[in-house]
Amino acid sequence: MRILFVGDVFGSAGRRIVREHLPHVIAERGADLVIINAENAAGGFGVTPAIADDLFNLGAHVLTTGNHVWDKREIIEYMQSEGEDSHERPRRLIRPANFVAGTPGYGFYEGELPDGQTYAVINLQGRVFMGASEDPFRTADALLDRLRARVIVVDLHAEATSEKVAMGWYLDGRVTAVVGTHTHVPTADDRVLPGGTAYQTDVGMSGPYDSVIGVEKELVLQRFLTGMPGKFEAAKGDPRMAATLIECDGRTGRAISTQRLLLGE
Ligand SMILES: [Fe+2]
Ligand SMILES: [Fe+2]
């Protein structure tokens with residue numbers, strides 16, 4: 001079984017490069033399960049129902065998010081429109097599971113592919129240099145107790161490399177893959193850990209690399225140089241799709257290999 005995980009789609013440039021590459025990568029690499037982090041898909045800040053639909057139409061089974069999930073307010077109603085047992089699209093757009101109790105939406109999704117293969121996706125957020133949330137480690141434990149699927153992919157949306165590496169070891173042998181998102185910089189540490197869990201600290205951004213992690217670089221430079229507030233705008237130049245392809249045994253959920261991809265125009 002092959003799983004394709006696409007890193008944070010950023011703005012219109014990110015959506016365009018994903019539209020260009022995703023269909024042929026799915027076909028040529030034989031991806032069975034496609035997961036996309038969509039937290040920056042709408043102009044760099046959040047995701048709208050229409051953009052979520054576009055990503056599902058391109059072949060995504062599950063969309064994950066992170067700290068930017070609520071930036072477009074209309075996504076709250078969309079995510080609340082389906083109950084926990086639903087398999088409709090709004091239920092397949094998830095947010096970090098360790099957000100505080102009472103937060104809209106769900107932090108995991110468990111589903112089945114047309115061939116009967118079951119799978120689960122868990123979204124978690126780190127706590128180092130991030131907003132307040134519950135403990136992602138204990139949240140993972142609690143979810144793993146209740147999930148039935150053997151193939152389980154964890155998107156750990158976090159800033160600190162140490163917290164992400166720690167989670168990889170914590171979940172090694174218990175999930176198929178732990179992949180990081182949020183920093184928008186792809187890391188070269190993709191590997192299969194000894195227990196059979198594929199790991200990568202950050203898949204990287206699917207968006208404009210002629211930027212500061214997606215934002216127009218002049219605007220970010222001004223912020224650093226002057227400390228003055230200013231509106232951030234999504235950049236456009238040098239779009240690339242960052243993704244990771246994980247091969248696993250569908251019966252045991254153990255990862256066999258992992259390979260990172262970075263595809264430009
Ligand atoms: Fe992001
Ligand atoms: Fe983020």
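Colleague: What makes strand S10 (residues 207–208) and S11 paired strands?

Modeller: In this predicted model, two bridges join S10 to S11, and the strands run antiparallel. The criterion asks for at least two bridges, so S10 and S11 count as paired. Gly207 has Arg240 in S11 as its bridge partner.

Colleague: How do you know that strand S1 (residues 2–6) pairs with S11, and in which sense?

Modeller: Five bridges join S1 to S11, in the antiparallel sense.

Colleague: Why is S11 called largely enclosed by the rest of the structure?

Modeller: Eight of its 10 residues are buried, so the description applies to S11. Buried here requires 20 or more other C-beta atoms within 10 Å.

Colleague: Which strands make up the open sheet, and in what order?

Modeller: The open sheet has six strands in the order S4-S5-S6-S7-S9-S8, and the pairing is mixed.

Colleague: Why are strand S4 (108–112) and strand S8 (191–192) said to stand at the edges?

Modeller: Each has a single partner strand, so one side of S4 and one side of S8 have no neighbour in the sheet. The pairing of S4 with strand S5 (residues 118–125) is antiparallel, over five bridges, and Val121 in S5 is the bridge partner of Tyr109.

Colleague: Where does helix H4 (residues 136–146) pack?

Modeller: H4 packs on the sheet, touching S4, S5 and strand S6 (151–157), and its direction makes about 160 degrees with that of S5. Helix H5 (residues 161–171) also packs on the sheet, in contact with S6, strand S7 (177–181) and strand S9 (198–200). The direction of H5 makes about 165 degrees with that of S7.

Colleague: How do you know whether Leu171 is buried or exposed?

Modeller: Leu171 has 25 C-beta neighbours inside 10 Å. The threshold for buried is 20 or more, so Leu171 counts as buried. Leu171 lies in helix H5. Not counting residues up to four places away in sequence, Leu171 touches Ala140, Val154, Val178 and Thr197. Leu171 and Thr197 are 26 residues apart along the chain, with 7.5 Å between their C-alpha atoms.

Colleague: Which residues of helix H2 (residues 49–57) are buried?

Modeller: They are Ile51, Ala52 and Leu55.

Colleague: Why are the buried residues of H2 said to line one face of the helix?

Modeller: Seen down the axis of H2, they fall within an arc of 105 degrees, so one face holds them. An α-helix has 3.6 residues a turn, so residues three or four places apart point the same way. On the other side of H2, Ala50 and Asn57 are exposed.

Colleague: What covers the buried residues of H2?

Modeller: The cover includes helix H1 (11–29), strand S2 (33–37) and strand S3 (62–64). After H2 comes Gly59, with a positive phi near 125 degrees.

Terms used:
Residues are numbered from 1 along each chain as its sequence is written. Chains are lettered from A and ligands numbered from 1 in the order in which they are written. This is a predicted model: local features need pLDDT of at least 70, side-chain atom pairs count only at pLDDT 80 or more; totals for chains, interfaces and linings use all residues. A residue is buried if 20 or more other C-beta atoms lie within 10 Å of its own, exposed if 12 or fewer, and partly exposed in between; C-beta atoms are placed from the backbone. Helices (H or I, at least four residues) and strands (E, at least two) are DSSP runs, numbered from the N terminus. Two residues are in contact if their C-beta atoms, placed from the backbone, lie within 7 Å. Axes are lines fitted to C-alpha atoms, for helices over the stretch in contact, and angles run from 0 to 180 degrees between N-to-C directions. The arc is that of the directions from the helix axis to the C-beta atoms.
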